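Biologist: Hi! Could you walk me through this protein, one piece at a time?

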Amino acid sequence: MDYQQLIEEVYQEVQAENLKGKVADYIPEIGNVNPDQFGIALVDLKGNVYGVGDHQVPFSIQSISKVHTLTMVFNVFNSKLWSRVNVEPSGDPFNSIAQLEYEKGIPRNPFINAGALVITDALCSKFENPIERISDFINELAGDTCVKINPEVQASEKNHGERNTALAYFLKSFKNFNNPIDEVLDVYFSHCAMEMSCVDLAKSFSFLANDGYSIFADRQILTESQSRRVNALMLTCGFYDEAGEFAFKVGLPGKSGVGGGVAAVMPHKFSIAVWSPELNEKGNSVKAIRALELLTDKLAFSLF
Ligand code: DON
């Protein structure tokens, strides 16, 4: 399979469709981006990198960072973690608060905001400098690049963080939150405000296509079974209330972010990241989803 040719074809076809969406503006600073950008990077299991379009431009990874933070606590807490957060799709928007009330403070999964806040809380319990540890971990996975936190995006989300603050207080009321709320929110907004290119992102997801072993970090990041579980969670919960549709159209484990990025893996073959800032009404990138749909249609193999 000629991956470079494949992603170039996909890129041209998506561009020709002239798809439109809306850049996220509930975090005002994320809105300050050229909406026409579009890039794809694919990394195979030998570490070969293929790219097209704006694949080297850093963008706000937002919720994609929830996969990195989950990976960091998976090893540490393992079974204990799953008493604090469930593994079911929510069918609700990423920032919904309703389920948390009737499910007594146990978030449906680690990718909705409530679940990701529990994961970040667990990281704050484990590490003295969680922001530094998360940055170091992502840099290691991406092959020693220098991934940066954008301080303006971090501050912008903090200044408009009422919804996440409410979720954190709600979790605390159910005793599913151990650290000071402001401290955890700062760490959460920071990891969401990290900027990575499609190339960095695809590299950082490579271990999930490779039974937990990262060729870039040159070490086993998760066991094979843990890695399979992260993929299962991405397939069922990675796109919130669009997870079913993404599985139906694309059929890959993946994770989106409101910065317009999507990272996905084809286990035992490759990892891929696609970015374009305009989103659909579920908060997922219009062009990225379309690109992945075309790409899996063109592949000679599939997950199923
Ligand atoms: O917490 C938030 O609302 C953002 N920092 C992240 C949300 C997000 O990326 C949802 N994914 N599509």
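Modeller: Happy to; we'll start with some residues from a database record and then look at strands and helices. Keep in mind that this is a predicted model.

Biologist: Great. Which residues does UniProt list for "binding site"?

Modeller: The unreviewed UniProt entry lists Ser 63, Asn 113, Glu 157, Asn 164, Tyr 188, Tyr 240 and Val 258 under that name.

Biologist: And which of these residues are included in the lining of the second largest cavity?

Modeller: That lining includes Ser 63, Asn 113, Glu 157, Asn 164, Tyr 188 and Val 258 from the list.

Biologist: Let's zoom in on Ser 63. Where is the place of Ser 63?

Modeller: Ser 63 sits in the loop between β3, residues 59–60, and α2, residues 65–77.

Biologist: Is Ser 63 buried or exposed?

Modeller: Ser 63 is buried, because its relative accessible area is 8% and buried means under 20%.

Biologist: What does Ser 63 touch?

Modeller: If we don't count residues up to four places away in sequence, Ser 63 touches Asn 113, Tyr 240, Lys 255, Ser 256 and Gly 257. There is also a polar contact between the side chains of Ser 63 and Lys 66, at 2.9 Å.

Biologist: Which side chain makes a polar contact with the side chain of Tyr 240?

Modeller: That of Lys 66, at 3.4 Å. Lys 66 also makes a side-chain polar contact with Ser 63. Apart from neighbours within four places in sequence, Tyr 240 is in contact with several residues, including Ser 63, Asp 92, Phe 94, Phe 111 and Asn 284.

Biologist: Tell me about Asn 284, then. Where does Asn 284 lie?

Modeller: Asn 284 lies in the loop between β10 (270–275) and α13 (286–298). Its relative accessibility is 0%, so Asn 284 counts as buried. The side chain of Asn 284 makes a polar contact with that of Ser 256, at 2.7 Å. With neighbours within four places in sequence left aside, the contacts of Asn 284 include Phe 239, Glu 242, Leu 279 and Ile 289.

Biologist: Switching to strands! How many bridges join β1 to β2?

Modeller: Five bridges join β1, residues 39–44, to β2, residues 49–53, and the two strands run antiparallel.

Biologist: How many residues of β1 are buried?

Modeller: Six of its six residues are buried. Gly 39, Ala 41 and Val 43 point one way, while Ile 40, Leu 42 and Asp 44 point the other way.

Biologist: There's another sheet with β3 in it. What is the order of its strands?

Modeller: This open sheet of three strands has the order β3-β5-β4, with antiparallel pairing. The edge strands are β3 and β4 (148–149), each pairing on one side only. β4 and β5, residues 194–196, are paired over two bridges, and Lys 148 has Glu 195 in β5 as its bridge partner.

Biologist: Which helix packs on the sheet?

Modeller: Helix α5, residues 130–141, packs on the sheet and touches β4 and β5. The direction of α5 makes about 10° with that of β5.

Note on methods: Residues are numbered from 1 along each chain as its sequence is written. This is a predicted model: local features need pLDDT of at least 70, side-chain atom pairs count only at pLDDT 80 or more; totals for chains, interfaces and linings use all residues. Side-chain values use heavy atoms; hydrogens and water are left out. UniProt positions are given in the numbering used here, feature names are shortened, and annotations may be inferred rather than shown by experiment. On a 1 Å grid over the protein atoms alone, a cavity is a set of points where a 1.4 Å probe fits but cannot get out, and a pocket is an open set with protein on both sides within 12 Å along at least five of seven lines; lining residues have an atom within 4 Å of a point. Helices (H or I, at least four residues) and strands (E, at least two) are DSSP runs, numbered from the N terminus. Buried means under 20% relative accessible area, exposed over 50%, partly exposed in between (1.4 Å probe, protein chains only). Contact means heavy atoms within 4.5 Å. A polar contact is a pair of N or O atoms within 3.5 Å; within protein, one must be able to donate a hydrogen and the other to accept it, and residues adjacent in sequence count only if both atoms are side-chain atoms. Two strands pair if DSSP finds at least two bridges between them. Axes are lines fitted to C-alpha atoms, for helices over the stretch in contact, and angles run from 0 to 180 degrees between N-to-C directions.
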